[in-house]
Every structure is written in structure tokens, then in C-alpha cells.
Amino acid sequence: MSDPAPAIAIRDLVKEYDGRAVLGGVSFEVARGEVFAVLGPNGAGKTTTAEILAGYRKADAGEVRVMRADPWRAGPSLRARVGLMLQNGGMEPRARPDEILRLYAAFHAHPRDPDDLIDLVGLRGVAGTRYRRLSGGERQRLAFAVALVGRPELLILDEPTAGMDPGARSSTRELIRGLRSDGAAVLLTTHDLVDVERLADRVAIIDAGRIVAMGTPAKLIAAGAPRLALRFAKPLEMGELASLAAMVRRGRKGAGVRGELGDRSSAFIEGLAPDPGLVAAVTRWAAARGVLITELRAAGRTFEERYLELTGDSAASVAAPDEEP
Amino acid sequence: MSAPASPLRATAAMTAMELRITARRGENLLVTIVIPAVVLLFFASVSVLPTPGRPVDFLLPGALALAVIATSLVNLGIATGYERHYGVLKRLGGSPLTRPQLLVAKMAAVVAVEVVQFALLIAIAFGLLGWRPPPGAPLSLLLVGLVLGTIAFAGLGLAMAGGLRAELTLALANALFLAFLLLGGIVLPIDQLPAPLDTLAAILPAAALADLFRAAFGASANVVWSVVVLAAWGIAAIAIAARTFSWE
């Protein structure tokens, strides 16, 4: 029954607006039953990627296949198999959620029951309220329900959890996990790192139109060079940072300290694998200086730290200066 | 495997939604229902206008033409412009509903509103203004006018809605409505207009439509010229709409 071809296959995707490259050669595949996240800062090309896959835009170069079809040329039969959730809703302000859901259900041969969906996304209380009176989170939940109504084999969700309250976020993630176990493929764009950590089987981190890292979230975190992360109760003096750097370098070849530009309340000891001796030396140094360490982590990075490194926000960090002579 | 619904079911659901939303758009009911009725009642009751024969015989076809313009140009154009603005058209474009199905649904909703308008205007003329359909009048021309007029004015409305900002479509549709009311042989015969306005009016689709409706009620009018003018506007407007329409 199930088609072995990937739900999405794109290769060397290029898209320019007015001569400005928005996508500079993006390639990835999304398998059936996989949740694939495209993560990146604003303007990285996430929405453009989603819109090309949804058939709204034509790629300038490269190959795009959505369930073997070219979405730009595809007709209603492909659109019936793909559930879309765009940014900014796109719903008639005077229509009610139950009416909108029934309308979209009528476009499909075997839709889900709109009434069940209303309950599933928690819109029962506002089912008869005009769209324009819904909150941002309610609009998002409705858009999500509309994406589900046709029993899609592939969901393309552009920032699905944006604007939702924590409860709706969590239940939306639960629903997406349920769809995956039913065999649907899911492509979602996000800049919510929690979406990625809790939901994604694989993630592509995209920055300035290029994929800078791709893999399982765990692998991406592990791929970062080992380091020791420190947080202090109050920002270090410049001299304290320099003293810490000097202490670390003593007898440890290649080691260095980085602080965050403008905020010296955290620092990273890089260039060597953390060991018990290093941790002891750092705490001894802190005790001698009267510096309180509030967090010390030797277990690698959080996903957020890794993400910031990969998307070039590390420009905001600065190497600690050498100790004054 | 997920498949699209039958075209009939999808189109019927979309038509029902269009009608529901039209009924909720209070400001558009004013221009579609109230203004043509008021124009008919007011100008038939106060004989300020140099119309030939009884005023109602001239004004009823004019009011019917105004009703078509209000619904297919003003109402459809503005509504579609805002749907585009709100991303409604874009979202529909990503669903299995096809563009021809959406177009048919919009046209069906427009025609349904026009039928209500016609019934109301004819009832006013019949009940309040003593109008009677002349015996032997070629009433089938009403249908020809309804179809050709709807295509021409809806084409103009969609050409504006698909290429201009919603606010601009709103302003332009209302300006055209006024221009057609004054220059379209609706309340004032175009031979009463000063040159060169009379020549301009003769090639506007409004006058052609009003004349076609007058012919349907037995007046002598150049039916062929009216049909040619309306068809030419219809073809031109649809060609422009098809070229310039974008979803966002």
C-alpha cells in the first residue's frame, strides 16, 4: 500500500527575490512517518521552503518532489494529500470556525469529522464565534484543524505553535506525534527550539538560505566541540575573566575561555574535554575570587547553545583577553 | 489515499459559504439591495428627470442594471479584494478546490443575489408604481442581460481585486458605481448628456445593459449593439483579470 518514495525530496533548491538569494542550494528528504523540522532565524528561508513545497512558489533552480509530484504543476489530487498550515491564517473574518472546517471538509472525499476536530483542537467554546473575534492562539488551532481535515499523508506546517499558549502548544505537539505514528510525514518550520527537541525526528538548521547542520537533535547537540559552560551570580569583571582564562590555559594546551559580548555573566571553557581536574580548578578559582557559580555544565551544550553557534550568533561572543602583564 | 471531493460537492459548499458571508456583509447589502430600490422609488415618484414616457418604464430596467453592477462589480470586487488581502484566496489555493470551481461558486452566489434583487425591484415596480409588463415583450432578454452583464461587471470587479490593493479596489469600485449611475443610462437617458459624455456613455457597459433590459420590456433599442458592447467588455475584463490576478 504505502509508497516507498519519500514524502519530500528536494535537491539544490535555489530561490531568489529581486536578485537576492533566499535559498542558496537546499537539499533534504523527509520520509513517511517522519517529523522533520526546519529551524532557523527570521529571514533564513524557512517560509520560502515551505511555500515552494506547498506549490505557491516556483523554485528558480533545483529539484522539488512532493510524493513524486512537482508541487508547482500539481493539481487538486496532490493538494488533497497535503495538509497546509500557513502563517497569518487566511480565513474569512466573518466566517465561524465550524463553518470554515466544514467548508474545507467538503473539498475532500473522505474528510475527518469537523465536529471531532473542533473538540480535538479545543475550539468547542468558540466554534460559533466569528473568526475575526478569535485570539491569535485560537486562529492557530483552527488553521491546524483545517490542515488535518483531509487526512493528509503529508503536513506542511509553517510555525504551527507560534502564538499558542503553553497548553495548546503541548497538545498540538501531542497531535503531531499521533499523526506521525499513523504514518503521516510532517515538515514543520519553527524557531521554537522546544518544538525541535520534543517533536522532531530530524532537524535541518537553516541560516541565510543554506543548511548549516542536519540530523537528529541529539546528534546535532553532540556534534559540538566539548566544553564547560559556566554561569555566574553576577557578571564578571573584565579582569576576573582574564584571570580565569589565564588559570585555565596554565598547563592546558589549546584551552581558552569565551564570554558573551555585553553579558559576562556566563562563560565557556573551550578547546578541551572537561575533566574532574578542570571542574575542581574552576571552582577553586571561583572560591578564591569570591565568585559564585550558579550553573556549571560539563555535559555538552543545550540545543539552544548549539543552535546559536550554528546560526552564526556566536558573533556575539568574544574571546577572553590575555591576562594583563 | 486522500482524494479530492467531487467537483459538485466542493463547488456547492463554496457557493453556500459565499452566500452566507455575503449576507453577513451589512455594508454591501446597502449598495446591492437598498440603493437600486431607492433609486427606483425616488426617481419614479418625483419627476425631475426628462425620461420618455412613464418614469417607471425607463427606471425599472435602469434599476435592474444598477443591481447587476452593484452585485457583480462592487460587491464581488470589494469582497474578493479583501479575501486576497486576508490571504483567504491563498489558503483556498492550497486546498483541493480548483480555481474554476472557486470562480463558478462566486458566479453562482452573484447570480443568486441578483435574482433576489430582480424579484424585489420588480415587486416594487408592480406593487407601488403601477408598472405592468407589456404584452409580448421579449422577456428572455432579461436572462441574456443578466448573464452578459454579470460576466462583464464581475470581470471588471475581479480585474481590480486581483491586481490592486484592497483599499484601492474599494475606492475604485464605488467611484465606478457612481459613474455608471450617472453616465450609464440608468436614471438619465444618455442622449440627454452633453457631448462628448454621450459618446463615452454609449460605449460603457452600463448603458448597454440598461438598454438590453429596456428591450426586454418592449422598448425599441439596439439589442445587437448592446450585446456587442457587453461581450467586448466581458472578454477584455476577463483577459485582464486572468493576466494580472495574483493570490497575494
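Tutor: Let us begin with burial: a residue is buried if 20 or more other C-beta atoms lie within 10 Å of its own, exposed if 12 or fewer, and partly exposed in between, with C-beta atoms placed from the backbone. This is a predicted model, in which local features need pLDDT of at least 70 and side-chain atom pairs count only at pLDDT 80 or more, whereas totals for chains, interfaces and linings use all residues. Residues are numbered from 1 along each chain as its sequence is written, and chains are lettered from A and ligands numbered from 1 in the order in which they are written.

Student: What makes helix 6 of chain B mostly covered?

Tutor: Of its 24 residues, 18 are buried.

Student: Why is A:Asp192 called partly exposed?

Tutor: A:Asp192 has 19 other C-beta atoms within 10 Å, which is why it is classed as partly exposed. A:Asp192 lies in the loop between strand 7 (185-190) and helix 7 of chain A. A:Asp192 and A:Val35 are 157 residues apart in sequence and 15 Å apart in space, C-alpha to C-alpha.

Student: How many residues of chain B are in contact with chain A?

Tutor: Two residues are in contact if their C-beta atoms, placed from the backbone, lie within 7 Å. By that rule, 25 residues of chain B are in contact with 27 residues of chain A. Helix 1 (7-24) and helix 4 (88-93) of chain B are the elements that give two or more residues to this side of chain B, and helix 1 of chain B gives the most, with eight residues. By class, this side of chain B has 13 nonpolar, five polar and seven charged residues; Ala, Val, Leu, Ile, Met, Phe, Trp, Tyr, Cys and Pro count as nonpolar, Asp, Glu, Lys and Arg as charged, and the others, Gly among them, as polar.

Student: Into which domains is chain A divided?

Tutor: Chain A is divided into domain 1 (8-221) and domain 2 (224-319), with bounds that come from an automatic or database domain assignment. The C-alpha centres of domain 1 and domain 2 of chain A lie 38 Å apart. Their contact takes 13 residues from domain 1 of chain A and 10 residues from domain 2 of chain A. On the side of domain 1 of chain A that touches domain 2 of chain A, the residues divide into 10 nonpolar, one polar and two charged.

Student: Which strands of chain A pair with strand 10 of chain A?

Tutor: Two strands pair if DSSP finds at least two bridges between them. Strand 10 (residues 227-232) and strand 12 (residues 263-270) of chain A share five bridges in the antiparallel sense, and A:Leu230 has A:Ala267 in strand 12 as its bridge partner. Four bridges join strand 10 of chain A to strand 13 (residues 293-297) of chain A, also antiparallel; there A:Phe232 stands opposite A:Ile293.

Student: What makes strand 2 and strand 4 of chain A edge strands?

Tutor: Three strands of chain A form an open sheet in the order 2-1-4, with antiparallel pairing. Strand 2 (20-30) and strand 4 (61-66) of chain A each pair on one side only. Eight bridges join strand 1 (residues 8-17) of chain A to strand 2 of chain A, and A:Tyr17 has A:Arg20 in strand 2 as its bridge partner.
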